[in-house]
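Open the model in your viewer and get ready to pick out a few places one by one. At each stop you will hear what to select and what to look for.

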Amino acid sequence: MAELKFHWCSPLDSGQQKATEKYRSGELDFDGIVDFAREAEQLGVDSLLMGISYHMPDPLPMIGALVRETERVKFILAYRPGLLGPTLFTQVVNTISWMSDVRISLNLVAGISPAEQAYYGDFLAHDDRYARSNEFLSVLHRFWEGENPLSHRGAHYRIEEAQLGLGYKGGGRPTIYISGASAPAQKTAVDFGDCWLRYGDTPEGIARATAPVLANGCRAGIRMHVLARPTREEALTDLAEMMRDPDEDHRAWVSSFVAASDSEAVKNSFRLAEKAQDDWLSPYLYSGAVAYRGGPALCVVGSYQEVAAYLYEYKAAGVSEFIFSGWPTRDEMRIFYTHVLPLIREHERTAGPA
């Protein structure tokens with residue numbers, strides 16, 4: 001098997017110091033984000049995920065600027081079908097492919113909150129959003145396969161004789177990640193994506209969930225957090241400090257957001273957290289931050305050696321890549337790529353194919 005890929009989530013807002021803080025918004029430290037991206041490049045981060053949400057700056061202009069401030073690190077653009085039409089979206093991605101020398105991938109998300117979708121004038125129900133995503137992706141693939149001009153009449157889009165003068169640099173198309181945990185999300189990943197991206201679970205749980213996707217030739221990736229220290233005792237001490245003095249008003253807000261969400265991925269993460277034993281799904285998988293941060297906050301915790309060994313178990317479960325964050329995320333990125341990643345590579349060298 002190929003080496004595991006490790007990406008990181010770029011802080012599009014001012015970043016979080018603790019898992020239990022409310023979201024920081026209302027300002028943009030772009031110079032700080034440029035500095036973060038340059039350090040990620042130096043550390044060997046494969047790609048930076050540029051997330052999307054109403055409380056953060058839009059990732060499209062951010063990526064357009066960041067690809068000119070870096071040379072090697074790639075960027076994963078999170079976006080939602082329905083915000084832009086497929087012709088314009090393809091044109092934007094093709095443009096970035098030339099600006100970045102093909103350092104762009106896509107993470108398409110159908111949407112996790114009817115309330116947030118409504119902010120943008122979108123009132124489709126869960127399964128209808130996936131039907132639109134499939135139609136959207138079908139048009140994108142046709143553009144990248146060279147159909148020009150392109151006409152399409154579907155339930156959600158009508159296009160007449162569309163022509164794009166600038167294709168994707170070098171031909172081909174970007175890697176496509178499809179997020180979600182529902183059956184429609186998995187089918188979209190198999191039909192139109194390269195990698196099914198989901199929130200965390202134990203290696204055993206991930207193996208069960210990914211089996212049908214892997215059987216259909218699609219890769220599997222996980223979005224989660226990590227906290228690694230020289231010893232387990234130090235990791236648990238820092239975890240306790242991170243969870244100290246939580247913002248309970250923020251927890252209540254997250255709870256109400258989840259109650260109104262129609263995302264199976266979001267609800268499944270909270271179901272996992274609720275059944276955890278003293279906030280631990282396994283000796284190394286901590287769920288206590290989910291109540292404050294949602295699905296991505298399942299966190300692998302332990303010594304450098306423990307975290308490396310535990311993450312390697314996911315490779316045997318069929319996972320090929322991870323997108324991580326931490327608290328504070330820049331410090332944890334340094335720790336992971338400096339101390340944990342070399343141990344994972346050693347596991348891969350000595351253990352052979354998973």
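Start by selecting Thr188 and showing the residues around it. Leaving aside residues up to four places away in sequence, Thr188 touches Tyr130, Asn134, Leu137, Ile178 and Gly193. Keep in mind throughout that this is a predicted model. Thr188 itself sits in helix H6, residues 183–192. Is Thr188 buried or exposed? Its relative accessibility is 1%, and buried means under 20%, so Thr188 counts as buried.

Next, select helix H5 (residues 126–144) together with helix H3 (residues 86–100). Two packed helices are described by the angle between their axes and the distance between the axes. Here the axes of H3 and H5 come within 9 Å and cross at roughly 50 degrees. That angle makes H3 oblique to H5. As for handedness, the crossing in which H3 passes H5 is right-handed.

Now show the side chains where these two helices touch. On the H3 side, look for Pro86, Thr87, Phe89, Thr90, Val93 and Asn94. Their partners in H5 are Phe136, Val139, Leu140, Phe143 and Trp144. Sorted by class, this contact of H3 with H5 has 8 nonpolar residues, 3 polar ones and no charged ones.

For another pair, move to helix H1 (residues 30–43) and helix H2 (residues 59–66). At what angle do the axes of H1 and H2 cross? They cross at roughly 60 degrees and come within 11 Å. H1 and H2 are therefore oblique to each other, and H1 passes H2 in a right-handed crossing. Select Phe30, Ile33, Val34 and Ala37 of H1, then Met62, Ala65 and Leu66 of H2, to see the residues that make the contact. This contact of H1 with H2 divides into 7 nonpolar, no polar and no charged residues.

The last stop is helix H12, residues 304–316.

Which residues of H12 are buried? Colour Tyr304, Val307, Ala308, Tyr310, Leu311, Tyr312, Tyr314 and Lys315 to see them. An α-helix has 3.6 residues a turn, so residues three or four places apart point the same way. To finish, step past H12 to Gly318, which follows the helix and has a positive phi, near 105 degrees.

Notes:
Residues are numbered from 1 along each chain as its sequence is written. This is a predicted model: local features need pLDDT of at least 70, side-chain atom pairs count only at pLDDT 80 or more; totals for chains, interfaces and linings use all residues. Side-chain values use heavy atoms; hydrogens and water are left out. Axes are lines fitted to C-alpha atoms, for helices over the stretch in contact, and angles run from 0 to 180 degrees between N-to-C directions. Helices (H or I, at least four residues) and strands (E, at least two) are DSSP runs, numbered from the N terminus. Angles under 35 degrees count as roughly parallel, over 145 as roughly antiparallel, 65 to 115 as roughly perpendicular and the rest as oblique. A crossing is left-handed if the near helix is turned anticlockwise from the far one by less than a right angle, and right-handed if clockwise. Contact means heavy atoms within 4.5 Å. Ala, Val, Leu, Ile, Met, Phe, Trp, Tyr, Cys and Pro count as nonpolar, Asp, Glu, Lys and Arg as charged, and the others, Gly among them, as polar. The expected span of a helix is 1.5 Å times one less than its number of residues. Buried means under 20% relative accessible area, exposed over 50%, partly exposed in between (1.4 Å probe, protein chains only).
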